[in-house]
Amino acid sequence: MLAVLGVLMAPVLSFASRVTDQAEYSVRDIIKSSTGYSRVYFTSSKEGYLSGSEAKVTGEGVASNRNSWGGVPFKYSIKIHRTN
């Protein structure tokens, strides 16, 4: 299993329509840049609000290479700081 992330802080970009979208975008970027996997799919995501300006998103997914039939499952948890 791919041991990905503990808890990360990520600023929310203005074009993200939802907190979960931003969390998945950030997790996908971290996995691709740090592992070399070219595809990252999310099978579940759940968001919860910590305060008026922070949310926590947890979930599961699969990372794989473009030419691979298999994949490596992962779990993630990320704290999103919401601005605007």
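Colleague: Which residues form one aromatic cluster?

Modeller: Phe-42, Phe-74 and Tyr-76 do. Keep in mind that this is a predicted model.

Colleague: Why is the pair of Phe-42 and Phe-74 called edge-to-face?

Modeller: Two values decide it. The ring centres of Phe-42 and Phe-74 are 6.0 Å apart, and ring centres must lie within 6.5 Å to pair. The planes stand at 85 degrees, and over 60 counts as edge-to-face. So the pair is edge-to-face.

Colleague: What makes this pair a link between distant parts of the chain?

Modeller: Phe-42 is in strand β3 and Phe-74 is in strand β5, 32 residues apart.

Colleague: What about the rings of Phe-42 and Tyr-76, how are they arranged?

Modeller: Their centres are 5.5 Å apart and their planes are at 75 degrees, so this pair is edge-to-face. Phe-42 lies in strand β3 and Tyr-76 in strand β5, so the pair ties together parts 34 residues apart in sequence.

Colleague: Is Phe-42 buried or exposed?

Modeller: Buried. Its relative accessibility is 18%, and the cut-off for buried is under 20%. Phe-74, at 1%, counts as buried. Tyr-76 is buried with a relative accessible area of 3%.

Colleague: Which residues touch the most other members of the largest nonpolar core?

Modeller: Val-27, Val-57, Phe-74, Tyr-76 and Ile-78, out of 13 residues in that core. Helix α1 and strands β3, β4 and β5 each supply at least two of the core residues.

Colleague: Why does Val-27 count as buried?

Modeller: Its relative accessibility is 0%, so Val-27 counts as buried. Val-27 is found in helix α1. In sequence Val-27 and Ile-78 are 51 residues apart, yet their C-alpha atoms are 7.9 Å apart in space.

Colleague: Why does Ser-34 count as exposed?

Modeller: Ser-34 has 54% relative accessibility, and exposed means over 50%. So Ser-34 counts as exposed. Ser-34 is also placed in helix α1. Its side chain reaches the backbone oxygen of Ile-30 at 2.7 Å.

Colleague: What is the order of elements from the N terminus on?

Modeller: β-β-α-β-β-β. That comes to 1 helix and 5 strands.

Colleague: What is the mean pLDDT of the chain?

Modeller: The mean is 80, and 79% of the residues reach 70 or more. Over residues 5-16, however, the pLDDT is below 50. Beyond near neighbours in sequence, that stretch has 30 contacts in the model.

Colleague: Why should such contacts not be read in detail?

Modeller: Where pLDDT is low, predicted coordinates should not be read in detail.

Notes. Residues are numbered from 1 along each chain as its sequence is written. Side-chain values use heavy atoms; hydrogens and water are left out. A nonpolar core is a set of buried Ala, Val, Leu, Ile, Met, Phe, Trp, Tyr and Cys residues joined through side-chain atoms within 4.5 Å. Buried means under 20% relative accessible area, exposed over 50%, partly exposed in between (1.4 Å probe, protein chains only). Helices (H or I, at least four residues) and strands (E, at least two) are DSSP runs, numbered from the N terminus. A polar contact is a pair of N or O atoms within 3.5 Å; within protein, one must be able to donate a hydrogen and the other to accept it, and residues adjacent in sequence count only if both atoms are side-chain atoms. pLDDT is the predictor's confidence in each residue, from 0 to 100. Contact means heavy atoms within 4.5 Å. Rings of Phe, Tyr and Trp (its six-membered ring) pair if their centres lie within 6.5 Å; planes under 30 degrees apart count as stacked, over 60 as edge-to-face and the rest as tilted.
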